[in-house]
Amino acid sequence: MGSSAAGRSVGRTIGRIALGSALVFAGVSHLTFARKDFQAQVPDWVPVDDDTVVLGSGVAEIALGASLILLPKHKQLVGNTAAVFFTAIFPGNLSQWLNERDAFGLDTDRKRFARLFFQPLLVAWAVWSTRDKR
């Protein structure tokens with residue numbers, strides 16, 4: 001393994017741990033101080049109480065984040081799972097935009113629309129940071 005491969009490995013490890021930490025933080029915020037804001041993202045068609053969805057997704061984010069940090073031998077599986085999770089919750093971001101729901105400082109259609117482009121970046125981050133090479 002050359003120095004550039006080692007550098008990529010270190011960069012991916014830092015990226016994986018940073019994503020894991022962000023997920024744990026987001027999950028804790030689901031359960032505490034940002035709970036109401038997250039409820040604004042639950043689409044109307046979801047057949048479960050908004051608060052239950054927020055609590056469940058918060059627990060899932062904590063589990064995914066902790067797994068990204070603590071289970072490096074399973075990083076690709078966890079990274080793929082995180083990518084699927086980010087994809088699965090995208091309808092919440094879309095719903096927030098389409099239903100013009102203010103939350104997280106996203107108080108205009110333009111801000112809510114711009115937020116939609118961050119979800120694919122999270123998917124890419126989850127996949128990239130959990131790959132060994134290339």
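This report walks through the overall fold of a predicted model and then its largest pocket.

## Overall fold

Let's start with the secondary structure. The protein chain is built from 7 helices and has 0 strands, so the order of elements from the N terminus on reads α-α-α-α-α-α-α. Taken along the principal axes, the box filled by the C-alpha atoms comes to roughly 50 × 30 × 25 Å.

Among contacts in the protein chain between residues at least 6 apart in sequence, 70% join residues at least 24 apart.

## Burial and surface

How much of the chain is buried? Of its 134 residues, 33% count as buried. The protein chain exposes about 7,800 Å², and carbon and sulfur atoms supply 67% of that area.

## The largest pocket

If you are thinking about pockets, here is the largest one: it holds about 630 Å³ of space. Its lining is made up of 28 residues, and those closest to the centre are Phe38, Gln41, Glu61, Ile89 and Arg115.

Which helices contribute to this lining? At least two residues each come from helix H1 (3-31), helix H3 (50-70), helix H4 (75-88), helix H5 (90-98) and helix H7 (118-128). H1 provides the largest share, with 5 residues.

By residue class, the lining of the largest pocket divides into 20 nonpolar, 6 polar and 2 charged residues. Glu61 and Arg115, both among the residues closest to the pocket centre, count as charged.

Definitions and conventions:
Residues numbered from 1 in each chain as written. Predicted model: local features only at pLDDT ≥ 70, side-chain atom pairs only at ≥ 80, totals over all residues. Heavy atoms only, no water. 1 Å grid on protein atoms, 1.4 Å probe; cavity = no way out; pocket = protein on both sides within 12 Å on 5 of 7 lines; lining within 4 Å. Points joined across faces, edges and corners; volume = space filled by probe spheres on them. Helix = DSSP H or I, 4+ residues; strand = E, 2+ residues; numbered from the N terminus. Buried < 20%, exposed > 50% of the residue type's maximum accessible area, 1.4 Å probe, protein only. Contact = heavy atoms within 4.5 Å. Areas by Shrake-Rupley, 256 points an atom, 1.4 Å probe, with all protein chains shown as cover.
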